[in-house]
Amino acid sequence: QVQLVESGGGLVQAGDSLRLSCAASGRTFSSYAMGWFRQAPGKEREFVGAISRTDDSTYYVDSVKGRFTISRDNAKNTVYLQMNSLKPEDTAVYYCAASRTAALPSGTLVVSDREYKYWGQGTQVIVSS
């Protein structure tokens, strides 16, 4: 079992930066590939990016590529989402998730929400224009 708690959301202006954190419980955090998703009002949940469990390989959706960076600190059981140059269209509730399968080969990235089993409660990000 993995429990995830996001933090760091808030209200910012366009062009500002925010860093979201996702703290995981348990001693096996490094076993799981991690992902970030977001859901804007009235829209379906959207994949934002993913990070592999050990070698820090990352993948991002095109709309955030070059602005968002995912990192993880396995010693702290935490994954981060650094968001720069925020835009009003980034407004959403942001969720972190841990992969359904543990101990995936190093470098494996999980991009489908169906392949994530553990989800946080979300943190709200509002970007004003």
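The model is predicted. Along the principal axes, the C-alpha trace spans about 40 × 25 × 25 Å. Of the 129 residues, 44% count as buried. The protein exposes about 6,500 Å², and carbon and sulfur atoms supply 46% of that area. Among contacts between residues at least 6 apart in sequence, 61% join residues at least 24 apart.

A search of the whole structure finds one disulfide, formed by C22 and C96 with their sulfur atoms 1.9 Å apart. This pair links distant parts of the chain, with C22 in strand 3 (residues 18-24) and C96 in strand 9, 74 residues apart. The torsion about the S-S bond of C22 and C96 is about 55 degrees, so the disulfide is right-handed. Both C22 and C96 are buried.

The aromatic side chains come next. The structure holds six aromatic pairs, and one aromatic cluster is formed by F37, F47, Y59, Y116 and W119. Two of the pairs share F37. In the pair of F37 and Y116, the ring centres are 5.3 Å apart and the planes stand at 85 degrees; this angle is over 60 degrees, so the pair is edge-to-face. F37 belongs to strand 4 (residues 32-39) and Y116 to strand 10 (residues 116-119), and the pair links parts of the chain 79 residues apart. F37 has a relative accessibility of 2% and counts as buried because the limit is 20%. Y116 also counts as buried, at 2% relative accessibility.

How are the rings of F37 and W119 arranged? Their centres lie 4.9 Å apart and their planes are at 55 degrees, so this pair is tilted. F37 lies in strand 4 and W119 in strand 10, so the pair ties together parts that are 82 residues apart in sequence. W119 is partly exposed, with a relative accessible area of 25%.

Strand 9 (residues 92-102) also contains S99. Is S99 buried or exposed? At 1% relative accessibility, S99 counts as buried. Leaving out residues up to four places away in sequence, S99 touches Y32, A33, L104, V110, E115, Y116, K117 and Y118. Y116, in this list, is also a member of the aromatic cluster. A polar atom of the S99 side chain lies 2.8 Å from the backbone oxygen of T101.

Apart from neighbours within four places in sequence, Q13 is in contact with V127 and S128. The C-alpha atoms of Q13 and P88 are separated by 8.1 Å, although these residues are 75 residues apart along the chain.

Definitions and conventions:
Residues numbered from 1 in each chain as written. Predicted model: local features only at pLDDT ≥ 70, side-chain atom pairs only at ≥ 80, totals over all residues. Heavy atoms only, no water. Contact = heavy atoms within 4.5 Å. Helix = DSSP H or I, 4+ residues; strand = E, 2+ residues; numbered from the N terminus. Buried < 20%, exposed > 50% of the residue type's maximum accessible area, 1.4 Å probe, protein only. Polar contact = N/O pair within 3.5 Å; in protein donor to acceptor, adjacent residues only side chain to side chain. Disulfide = S-S within 2.5 Å. Areas by Shrake-Rupley, 256 points an atom, 1.4 Å probe, with all protein chains shown as cover. Phe/Tyr/Trp six-rings, centres within 6.5 Å; stacked < 30°, edge-to-face > 60°.
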